[in-house]
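Work through the exercises below with the model open. Each task is followed by a solution in steps.

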Amino acid sequence: IPAEEREKKLAFCSRHRFRYIPPSTPENFWEVGFPSTQTCVERGYIKEDLAPCQRPKRRQPYAVMFSPKGKEQKT
């Protein structure tokens, strides 16, 4: 039997044939457990910001805004 015909026959009779190639699993999918922080940073799961986000400052502190003395001073 020629090689082409033999491969066709094997593909037709094989128990493990499939119509499409299944997708491969993602990288690091089968690793069990939690990776270290350094590993997460290297893989890009954690992005480090060098400058932390600044909280917006209030125009008036709470103590002045809600105290009865603060209301009297405004009027």
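The exercises cover confidence, fold, surface, and selected side-chain contacts.

This is a predicted model, in which local features need pLDDT of at least 70, side-chain atom pairs count only at pLDDT 80 or more, and totals for chains, interfaces and linings use all residues. Residues are numbered from 1 along each chain as its sequence is written, and side-chain values use heavy atoms, with hydrogens and water left out.

**Exercise 1.** State the secondary structure of the protein chain and where confidence is lowest and highest.

Solution. Helices (H or I, at least four residues) and strands (E, at least two) are DSSP runs, numbered from the N terminus. The protein chain has four helices and zero strands, in the order α-α-α-α from the N terminus. Next, take pLDDT, the predictor's confidence in each residue, from 0 to 100. Its average over the protein chain is 76, and 68% of the residues score at least 70. Helix α4 (residues 68–74) has the lowest confidence, with a mean of 58, while α2 has the highest, at 90. Where pLDDT is low, the predicted coordinates should not be read in detail.

**Exercise 2.** Describe the accessible surface of the protein chain and its buried share.

Solution. Accessible areas come from the Shrake-Rupley method with a 1.4 Å probe; for residues, only the protein chains shown count as cover. The surface comes to about 8,600 Å², with 58% belonging to carbon and sulfur atoms. Of the 75 residues, 3% count as buried (under 20% relative accessible area; exposed is over 50%, partly exposed in between).

**Exercise 3.** Characterise the backbone of N28.

Solution. N28 sits in the loop between α1 (3–13) and α2 (37–43). Its phi is positive, about 65 degrees, although N28 is not a glycine. Most residues other than glycine have a negative phi. N28 is partly exposed, at 26% relative accessible area.

**Exercise 4.** Which geometry does the pair of F29 and W30 have?

Solution. Rings of Phe, Tyr and Trp (its six-membered ring) pair if their centres lie within 6.5 Å; planes under 30 degrees apart are stacked, over 60 edge-to-face, and the rest tilted. The structure holds one aromatic pair. F29 and W30 form it edge-to-face, 4.9 Å centre to centre with 90 degrees between the planes. F29 is partly exposed at 47%, whereas W30 is exposed at 65%.

**Exercise 5.** Locate the salt bridge and its partners.

Solution. The criterion is a side-chain nitrogen of Lys or Arg within 4 Å of a carboxyl oxygen of Asp or Glu. The count comes to one salt bridge. E31 and R43 form a salt bridge at 3.0 Å, N to O. E31 lies in the loop between α1 and α2 and R43 in helix α2, so the pair ties together parts twelve residues apart in sequence. Both are partly exposed, E31 at 46% and R43 at 31%.

Definitions and conventions: Buried means under 20% relative accessible area, exposed over 50%, partly exposed in between (1.4 Å probe, protein chains only).
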